[in-house]
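I opened this entry to log what I looked up, starting with the overall fold and ending on one residue.

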Amino acid sequence: IAFPATKGAAFSLDSIDLVDQSLSVSGVQGKAFQEGGRIMGHVLDPRLGNPVEGVKMAAALLPSATDSDALSTALLVLGQVGLPLLHERFPKGRFWVAEKRLDDSVAGLI
């Protein structure tokens with residue numbers, strides 16, 4: 001699972017082998033628009049109605065493709081605070097988050 005960098009070098013969060021599992025990745029870079037000099041992603045935070053900011057990428061590994069797709073998007077909205085919630089509810093799953101830091105670097109959290 002790698003994150004393409006907009007500044008500097010890309011970095012890898014993890015490397016995994018998939019067997020009878022599904023990996024889904026959600027991010028803001030694929031479909032985005034620019035507003036007031038800021039790049040805004042296509043995923044909206046339903047709590048605010050605004051595009052997700054801060055989290056650049058989230059990934060979920062689960063047996064079900066439906067679950068991994070839904071939860072990677074949910075984790076993109078929740079950010080790192082969603083990690084313990086998902087680990088508790090889906091103990092067999094693995095989850096990753098890449099968040100933007102104040103200095104524009106990106107930190108990966110597992």
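I note that the model is predicted.

I checked the totals next. The chain has 110 residues, and 35% of them count as buried. I took the contacts between residues at least 6 apart in sequence; 58% of these join residues at least 24 apart. The accessible surface is about 6,800 Å², with 53% of it on carbon and sulfur atoms.

**Helix α1**

I turned to α1, which covers residues 65-78. Its 14 residues reach 20 Å from first C-alpha to last, close to the 20 Å expected. I looked at both ends. Ser 64 caps the N-terminal end, with a side-chain oxygen 3.3 Å from the backbone nitrogen of Thr 66. After the helix comes Gly 79, with a positive phi near 75°.

I then listed the buried residues of α1: Ser 68, Leu 71, Ser 72, Leu 75, Leu 76 and Val 77. Their cover includes strands β3, β6, β8 and β9, along with helix α2.

**Val 77**

I picked Val 77, which lies in α1. Why does Val 77 count as buried? Its relative accessible area is 16%, and the cut-off for buried is under 20%.

I asked which residues Val 77 touches, leaving out those up to four places away in sequence. I found Val 43, Leu 44, Asp 45, Pro 46, Arg 47 and Val 52. I also looked up Lys 56, 21 residues from Val 77 along the chain. Their C-alpha atoms are separated by 9.8 Å.

Notes. Residues are numbered from 1 along each chain as its sequence is written. This is a predicted model: local features need pLDDT of at least 70, side-chain atom pairs count only at pLDDT 80 or more; totals for chains, interfaces and linings use all residues. Side-chain values use heavy atoms; hydrogens and water are left out. Helices (H or I, at least four residues) and strands (E, at least two) are DSSP runs, numbered from the N terminus. The expected span of a helix is 1.5 Å times one less than its number of residues. Buried means under 20% relative accessible area, exposed over 50%, partly exposed in between (1.4 Å probe, protein chains only). Contact means heavy atoms within 4.5 Å. A polar contact is a pair of N or O atoms within 3.5 Å; within protein, one must be able to donate a hydrogen and the other to accept it, and residues adjacent in sequence count only if both atoms are side-chain atoms. Accessible areas come from the Shrake-Rupley method with a 1.4 Å probe; for residues, only the protein chains shown count as cover.
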